[in-house]
Amino acid sequence: MKLPLVVVLLALSIVGTGLAVSNLGASAAPRGGTLEDRVSQLAAQLDELRAELNAIQGERQGARSSLASATQRIPALSDEALDAAVARWMAAHPPEAARLSASQRDARDLGSLSLQELIELVTDESISSDQMHELWSRLSKAGRSEEIIAELERLAENSPHDPDAQLALGTAYLYRIFDVGQGPLAGEYATKADAAFARAIELDDTHYEARMMKAVSLSNWPAFLGKTPQAISEFETLIDMQSSLAEEERTPDPYLMLGNLYSQTGERERAIEIWRNGLALFPDHAGLRRQLELHQ
């Protein structure tokens, strides 16, 4: 399952804002000293938190702009496209398909599909990432999201040594963030997604997609939570891993996002070096070229 990175960025930026607000009380609680000292400490901490929140709001706006631009180029998932996805599943599973009634053969009637059939759909790698996002939106409207996630949790628990089961669960958690919106529940799903990706990597440290999802997730938590160094380390590992991948499997995303992280932490020269390295391998990538133009 390929989740578009712009979708992950938007989801986790929203979650990050919720976490920042929820941590105000815990962060702004100086102890000891005179009343004047405590007030001074509190004021300084509030200034830092305001700066963090302003930065997060800027990242959210950038992510929203990127998503708006991207969705203009993404065709909506038509009823015919979803019908075709179900038809592919039915062709690959003739015994199960034979048990479907005529009404169940209509992909638009997702509420009538069995849980097993829905699990097959949401883990079907032939469905594009953008179509999968639309599929999850429809599943939410049909009231099937929680049921599917519960089943993916069960499958992951029953297959504790299968990294793909952990990846599927983590990805489902991220899609669920869009359903619940901003708030504590979104933060809970984001935390669960992080844990699922980490478990997949524990099982197979060469699992590229799981590590990529983990890196993107870490990079979008508020900076004051201290996850940025971990995100940088994960992206550096991904770049190292690309040398062992077939050329058609390599992507510019780790170069772009690692450079962005270095830029955000004030390491401008290192960021430029990473973007240049990426552009040398992917000379037609507009994002890498734009970053270099903006920062040189």
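Guide: A residue counts as buried when its relative accessible area is under 20%, as exposed when that area is over 50%, and as partly exposed in between (1.4 Å probe, protein chains only). By this criterion, 44% of the 296 residues in the protein are buried. The model is predicted, so that local features need pLDDT of at least 70 and side-chain atom pairs count only at pLDDT 80 or more, while totals for chains, interfaces and linings use all residues. Residues are numbered from 1 along each chain as its sequence is written, and side-chain values use heavy atoms, with hydrogens and water left out.

The protein has 15 helices and zero strands; helices (H or I, at least four residues) and strands (E, at least two) are DSSP runs, numbered from the N terminus. With contact taken as heavy atoms within 4.5 Å, 62% of the contacts between residues at least 6 apart in sequence join residues at least 24 apart.

A nonpolar core is a set of buried Ala, Val, Leu, Ile, Met, Phe, Trp, Tyr and Cys residues joined through side-chain atoms within 4.5 Å. The largest such core has 32 residues, and L121, V122, M132, L135, W136, L139 and I148 have the most contacts inside it. At least two of its residues come from each of α6 (115-122), α7 (129-141), α8 (145-158), α9 (163-180), α10 (184-203) and α11 (208-219). A second, separate core has 26 residues, including Y208, L218, A231 and F235.

Two packed helices are described by the angle between their axes and the distance between the axes. Axes are lines fitted to C-alpha atoms, for helices over the stretch in contact, and angles run from 0 to 180 degrees between N-to-C directions. Angles under 35 degrees count as roughly parallel, over 145 as roughly antiparallel, 65 to 115 as roughly perpendicular and the rest as oblique.

The axes of α7 and α8 come within 7 Å and cross at roughly 115°, which makes α7 roughly perpendicular to α8. Here W136, L139 and S140 of α7 meet S145, I148 and I149 of α8. These residues comprise four nonpolar, two polar and no charged, where Ala, Val, Leu, Ile, Met, Phe, Trp, Tyr, Cys and Pro count as nonpolar, Asp, Glu, Lys and Arg as charged, and the others, Gly among them, as polar. Helix α8 also holds E146, which is partly exposed at a relative accessible area of 37%. Beyond its neighbours within four places in sequence, E146 is in contact with R176 and Y189.

In α12, T228, A231, I232, F235, E236, L238, I239 and Q242 meet P254, Y255, M257, L258, L261 and Y262 in α13. This contact divides into eleven nonpolar, two polar and one charged residue.

Helix α13 also packs with α11: their axes come within 12 Å and cross at roughly 25°, and the two helices are therefore roughly parallel. Y208, M212, V216 and S219 in α11 meet D253, P254, M257 and L261 in α13, a set of six nonpolar, one polar and one charged residue. In the loop between α10 and α11 lies D205, which touches R211 and M241, residues up to four places away in sequence not being counted.
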